[in-house]
Amino acid sequence: MLQTLRVGVIGKNTLADATAVAFNTKAAEFIRCESFADVDALIDAKPTIVFVCEEIPLLKNDTFDDADFLNAINKLFKQTECAICIRSTLNIETTNRLIATLGYDVFQAKLCYFPELSDCTSMADILISDYHMIGGEEKPRQSLLQLLQHASHFSASAVTTGSIWEVIYAKLGLAGFKAVKQTFFNQLYDTILDVKNANPTIVRRMMEQAPDIADKSVMVPTFVRAKTDDSVSYKEARGYAGEFLNHDVRALAGLSDKLPLIDECINFKNLKG
């Protein structure tokens with residue numbers, strides 16, 4: 001007789017709601033608690049796996065207030081034999097504290113990181129996604145992938161995997177990239193209104209059609225690209241800290257003082273001489 005799959009969820013948000021829907025199958029029994037403080041209810045139910053969906057609160061200095069999170073995860077590992085899949089955002093500092101709390105062997109054997117990459121406003125977007133990233137050691141990672149594929153309603157067009165640390169950086173990097181991109185278009189809009197003579201909406205629509213908008217080559221650090229030039233030494237290549245010396249970028253920066261983001265992108269050290 002097959003053992004019942006008991007799926008636990010921590011959280012009271014759209015991500016937790018979507019997880020409840022995802023495991024609303026004949027193959028699973030579902031248990032939910034709304035916060036880290038209620039984790040004892042999950043322990044009593046002896047779950048097979050727990051999905052952590054509650055966000056870890058941020059302090060004023062933008063670090064995590066992670067004491068309740070760490071305590072809940074530690075309790076689950078000490079008092080049950082469940083695996084844990086963290087879906088709420090992690091950073092490196094909290095992950096290192098988690099390792100110190102659990103021990104590295106337990107961390108490697110039982111834990112996966114499967115962050116939500118959308119803005120978590122649509123349950124449908126969470127259940128049926130374009131892209132998933134899953135971090136962890138090979139064995140628990142493969143077990144999670146099989147569980148998602150065969151016992152849940154989660155699906156994705158593409159899945160990439162790596163270590164938990166790699167997924168943390170990729171998740172946070174995507175958030176940072178979206179913030180920079182949004183800030184750039186905010187500043188460009190203000191620049192057009194400041195300098196005048198054009199409709200910023202038409203400018204944006206023209207840019208949307210350009211292949212450069214999806215140019216992946218800019219994801220390679222400038223100093224790495226600079227090393228392909230035989231005339232540039234390694235030391236010089238490491239000195240390329242900002243945008244490559246681009247006439248158009250400098251011309252854009254010179255239009256107005258409404259584009260501080262572009263000013264930050266230009267490596268002024270390389271403009272000398």
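This is a predicted model: local features need pLDDT of at least 70, side-chain atom pairs count only at pLDDT 80 or more; totals for chains, interfaces and linings use all residues.
Me: What share of the protein counts as buried, and how many helices and strands does the protein have?

Reply: Of its 273 residues, 36% count as buried. The protein has 13 helices and seven strands, which are DSSP runs numbered from the N terminus (helices H or I, at least four residues; strands E, at least two).

Me: With which residue does the side chain of Asp-17 meet in a salt bridge?

Reply: A salt bridge is a side-chain nitrogen of Lys or Arg within 4 Å of a carboxyl oxygen of Asp or Glu. The partner of Asp-17 is Arg-32, with 2.8 Å from N to O. Because Arg-32 belongs to strand 2 and Asp-17 to helix 1, this pair ties together parts that are 15 residues apart in sequence. Arg-32 is also partly exposed, its relative accessible area being 32%.

Me: How many salt bridges does a search of the whole structure find, and what residue pairs with Lys-12?

Reply: The search finds nine, and one of them joins Lys-12 to Glu-34, whose closest N and O atoms are 3.9 Å apart. These two residues come from distant parts of the chain, since Lys-12 sits in the loop between strand 1 (5–10) and helix 1 (14–22), whereas Glu-34 sits in the loop between strand 2 (28–33) and helix 2 (39–45), 22 residues apart. With a relative accessible area of 63%, Lys-12 is exposed, while Glu-34, at 44%, is partly exposed.

Me: Are Glu-116 and Arg-87 buried or exposed?

Reply: Both of these residues are buried. They form a salt bridge in which the closest N and O atoms lie 3.1 Å apart. Here, too, distant parts of the chain are linked: Glu-116 is in the loop between strand 5 (111–113) and helix 6 (123–127), and Arg-87 is in the loop between strand 4 and helix 4 (92–102), 29 residues apart.

Me: How should I read a cavity, and which residues line the largest cavity?

Reply: Rolling a probe the size of a water molecule over the atoms shows where empty space is left. On a 1 Å grid over the protein atoms alone, a cavity is a set of points where a 1.4 Å probe fits but cannot get out, and its lining residues have an atom within 4 Å of a point. Grid points are joined across faces, edges and corners, and the volume is the space filled by probe spheres set on the points. The structure holds two cavities of 30 Å³ or more, and about 60 Å³ of space lies in the largest cavity. Its lining is made of Phe-107, Gln-108, Leu-111, Gly-136, Glu-137, Ser-163, Ile-164 and Trp-165. Helix 5 and helix 8 (164–195) are the elements that give two or more residues to this lining.

Note on methods. Residues are numbered from 1 along each chain as its sequence is written. Side-chain values use heavy atoms; hydrogens and water are left out. On a 1 Å grid over the protein atoms alone, a cavity is a set of points where a 1.4 Å probe fits but cannot get out, and a pocket is an open set with protein on both sides within 12 Å along at least five of seven lines; lining residues have an atom within 4 Å of a point. Buried means under 20% relative accessible area, exposed over 50%, partly exposed in between (1.4 Å probe, protein chains only).
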